[in-house]
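Open the model in a viewer with selection by residue range to hand. The stops below can be taken in order.

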Amino acid sequence: MGYTLEQNTFIVMSYYRNGTLNADGEWVYSVQACKDEYLAKFPELNIEEQSLMTHIKRIVDRFNSTGNVSQGKSPGRPPVSEEVVEDLRERMEQSPKKSLSKLSLQSGVPYTTCQKVLKRTLHMHPYKVSSIHELKPADYPRRVAYCEWFQNNMNNRILDLSFFSDEAWFHLNGYVNSQNYRVWSAENPFVFEERPLHSVKVGVWLAVSRRRVIGPIFFHNTINSARYREQILEVFLNHLDDEELEFGYFQQDGAPAHKTMENLRYLQEFYGDRIISQNLNPEWPARSPDLTPLDYSIFGWMKDNIYKHRLHTLEELMDAIIHCCQNIDVVMLENIFENKKRRVALCLQQNGEHFQHLL
């Protein structure tokens, strides 16, 4: 049972009140006498005598140690020494990807202490490592050259008339991230997510300018040179108006089907030297999805919206893709191309290297 402050105070007063002075001049105190007086004071309480005597000894010891009958706050673990803090700092600076479990094992410091020292004392926090595309040293000067050309030639009027293109695969069932997909239950319900052996998917090609979208153009097989020209480029070119053909640019990435001589010559019939592609001038730099509006913005936005709802057929998926494309308005496109300008400036600032951490 719990004892009140009044009862604990009474115990200490009774204990010392019933003390006697022996022949040697020493005070002798009786737990038994204190117990009897306590039971007389609080007769309504049903207490086991042995338990009461144990409690009397504990309260008296507490009073002698702290001068208080109430249980004070536990002092907890002793403070961590500066030597330990410095040791943990050095270990984390040498290996910043080290887990707290490994740090605790190597240093001999408890896990929770490591956690508190890193966060509260060293003000370190765990940051997620982002996975980004690889860049090779030869890519840097090409990215710089493209970004310099872009800044010198692509004003808003030209961007209104120029198209940046790319393609992506959309899978019917989307994707399940097994690291974030959880079912909470008192017992393991053994929930499974069925996935088809061969995912049903559709390819989507889009081209965007600062004022409009052309597409989606769907494809179901790997794009080779002939398919790219006949199924995509011919359809795209038929949607252009005279001003776009006369003043605008066309950008494509370095996929093998894009940069064949046949397809480059075909595009030159319409665009002349206003083609941004590998093997041409201006040259599109390899491994640069961070500079492509469809890669850094539109395709991700489309997938986030499409996979909010469960889709059952390929036709439903294609309808959802068309609906998404119809919802891309001028304001969204203007914002995307303002972001493109900022990315180009940051790419130059970083001499062609990664700049996502500055966005």
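Helices (H or I, at least four residues) and strands (E, at least two) are DSSP runs, numbered from the N terminus, and two strands count as paired if DSSP finds at least two bridges between them. This is a predicted model, in which local features need pLDDT of at least 70 and side-chain atom pairs count only at pLDDT 80 or more, while totals for chains, interfaces and linings use all residues. Residues are numbered from 1 along each chain as its sequence is written, and side-chain values use heavy atoms, with hydrogens and water left out.

**Stop 1: the sheet**

Start with the hairpin that joins β4 to β5 through four residues. These two strands pair in the antiparallel sense over five bridges, and glycine 203 stands opposite phenylalanine 219 in β5.

Now widen the selection to the open sheet, in which five strands are ordered β5-β4-β3-β6-β7 with mixed pairing. The edges are β5 (213-219) and β7 (275-276); each has a single partner strand, so one side of each is left without a neighbour in the sheet.

The peptide bond from glycine 215 to proline 216 is cis, with omega near 10°.

Next, select β3 (residues 163-171) and β6 (residues 250-251), which pair in the parallel sense over two bridges. Phenylalanine 164 has glutamine 251 of β6 opposite.

Axes are lines fitted to C-alpha atoms, for helices over the stretch in contact, and angles run from 0 to 180 degrees between N-to-C directions; contact means heavy atoms within 4.5 Å.

**Stop 2: helix α7 and the cores**

Select helix α7 (residues 139-153). Its 15 residues reach 21 Å from first C-alpha to last, close to the 21 Å expected at 1.5 Å a residue; the expected span is 1.5 Å times one less than the number of residues. Buried in α7 are Asp139, Arg143, Val144, Tyr146, Cys147, Trp149 and Phe150. Their cover includes α8 (156-161), β3, β7 and α14 (330-349).

Which residues touch the most other members of the largest nonpolar core? Of its 42 residues, they are Tyr146, Phe170, Leu206, Ile298, Met302, Ile306 and Ile321. A nonpolar core is a set of buried Ala, Val, Leu, Ile, Met, Phe, Trp, Tyr and Cys residues joined through side-chain atoms within 4.5 Å. Two or more residues of this core come from each of α7, α8, β3, β4, α12, α13 (314-326) and α14, and α14 gives the most, with seven. Apart from this core lies another, of 21 residues, among them Trp205, Ile232, Tyr266 and Tyr271.

Return to tyrosine 146 and show its contacts. Not counting residues up to four places away in sequence, tyrosine 146 touches Phe164, Ile276, Glu283, Trp284, Pro285, Leu291 and Lys340.

**Stop 3: helix α4**

Select helix α4 (residues 82-94). At 1.5 Å a residue its 13 residues should span 18 Å, and its end C-alpha atoms are 18 Å apart, which agrees. Val85, Leu88 and Met92 are the buried residues of α4. They cover an arc of only 65° around the axis, which puts them on the same side of α4; the arc is that of the directions from the helix axis to the C-beta atoms. These buried residues pack against α5 (100-107) and α6 (111-121). Turn to the face away from the buried side to find the exposed residues Glu82, Glu83, Glu93 and Gln94.

**Stop 4: backbone exceptions**

Most residues other than glycine have a negative phi, and most peptide bonds are trans. Select proline 282, in the loop between β7 and α12: a cis peptide bond joins asparagine 281 to this proline, with omega about 5°.

Then go to histidine 123, in the loop between α6 and α7. Its phi is near 55°, a positive value, and histidine 123 is exposed, with a relative accessible area of 58%.

Finish at asparagine 351, in the segment after α14. Asparagine 351 has a positive phi near 55° and is exposed, with a relative accessible area of 54%.

Methods: Buried means under 20% relative accessible area, exposed over 50%, partly exposed in between (1.4 Å probe, protein chains only).
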